[in-house]
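Subject: The structure I promised you

Hi,

Here is the structure we talked about. Have a look at it first, then read on for what turned up.

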Amino acid sequence: MAHDDHGDDTPKNLTKNEAMVYEAMKLTDRPQKAYDLLDVLKSSGVRAPMTIYRALEGLEQKGLVHKLDALNAFVRCNHDKPHEVETFLVCDKCSQVQEIETNTSHATSVESNVRAVVIEKGFRMSAARLEIKGVCSRCVEPAAA
Ligand SMILES: [Zn+2]
Ligand SMILES: [Zn+2]
């Protein structure tokens with residue numbers, strides 16, 4: 001089910017504005033705020049922040065982008081399969097965000113652990129989002145000083 005190239009083609013079922021925002025989000029892997037996207041899309045004639053917000057909302061509902069609450073920004077989803085637990089590694093230094101793909105064993109163990117804890121509390125989980133902050137592998141200082 002996994003497509004290695006997922007995220008490079010723009011899905012067909014998008015509105016004109018959603019497609020435009022999605023295209024703009026492809027320009028970088030960093031999380032983007034609505035105003036960053038507005039800047040990018042100004043040259044295409046987009047003036048209203050509301051246009052961007054609506055498009056982001058639509059894209060989020062279609063599972064193509066994720067909102068990161070801590071950063072108040074959006075990233076593109078990097079896999080096809082829907083996930084119960086969305087897990088993101090957020091670098092404090094370069095603000096790069098890496099999403100743990102659902103079809104990896106890491107994601108599976110995160111999901112099953114989270115689910116076990118939740119079930120134990122008698123809670124019925126619909127969705128969860130983990131934002132793990134720290135320093136990414138590229139920003140970690142070399143060990144020697
Ligand atoms: Zn995702
Ligand atoms: Zn980093």
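Which residues coordinate the zinc ion (ligand 2)? They are C91, C94, C136 and C139, each through its SG atom, at 2.3 Å. A donor here is an N, O or S atom within 2.8 Å of the metal (3.2 Å for Na, K and Ca), and since water is not among the atoms, sites may look incomplete.

Before going further, some housekeeping. This is a predicted model, where local features need pLDDT of at least 70 and side-chain atom pairs count only at pLDDT 80 or more, while totals for chains, interfaces and linings use all residues. Residues are numbered from 1 along each chain as its sequence is written, chains are lettered from A and ligands numbered from 1 in the order in which they are written, and side-chain values use heavy atoms, with hydrogens and water left out.

Back to the zinc. Its four donor atoms subtend angles of 106 to 114°, so the arrangement is tetrahedral (for four donors, that label needs all angles between 85 and 135 degrees). For reference, the ideal angle for four tetrahedral donors is 109.5 degrees. Along the chain, the donors of the zinc ion (ligand 2) follow the spacing C-x2-C-x41-C-x2-C. Both C136 and C139 are buried (buried means under 20% relative accessible area, exposed over 50%, partly exposed in between, with a 1.4 Å probe and protein chains only). Buried residues make up 34% of the 145 in the protein.

Now the fold. The protein has four helices and five strands, which from the N terminus run α-α-α-β-β-β-β-α-β. These are DSSP runs, with at least four residues (H or I) for a helix and at least two (E) for a strand. Three strands form an open sheet in the order β4-β3-β5, with mixed pairing (two strands pair if DSSP finds at least two bridges between them). Its edge strands are β4 (97-99) and β5 (128-134). Strand β3 (residues 85-91) and β5 pair in the parallel sense over seven bridges, and E86 has R129 in β5 as its bridge partner.

Most residues other than glycine have a negative phi. N72, in the loop between β1 (65-68) and β2 (73-76), has a positive phi of about 50°. S95, in the loop between β3 and β4, has a phi near 55°. N72 is partly exposed, with a relative accessible area of 46%, and S95 is also partly exposed, at 34%.

Cheers

Definitions and conventions:
Four donors count as tetrahedral if all angles lie between 85 and 135 degrees; four count as square planar and six as octahedral if opposite donors are over 155 degrees apart and all others between 65 and 115; anything else is irregular.
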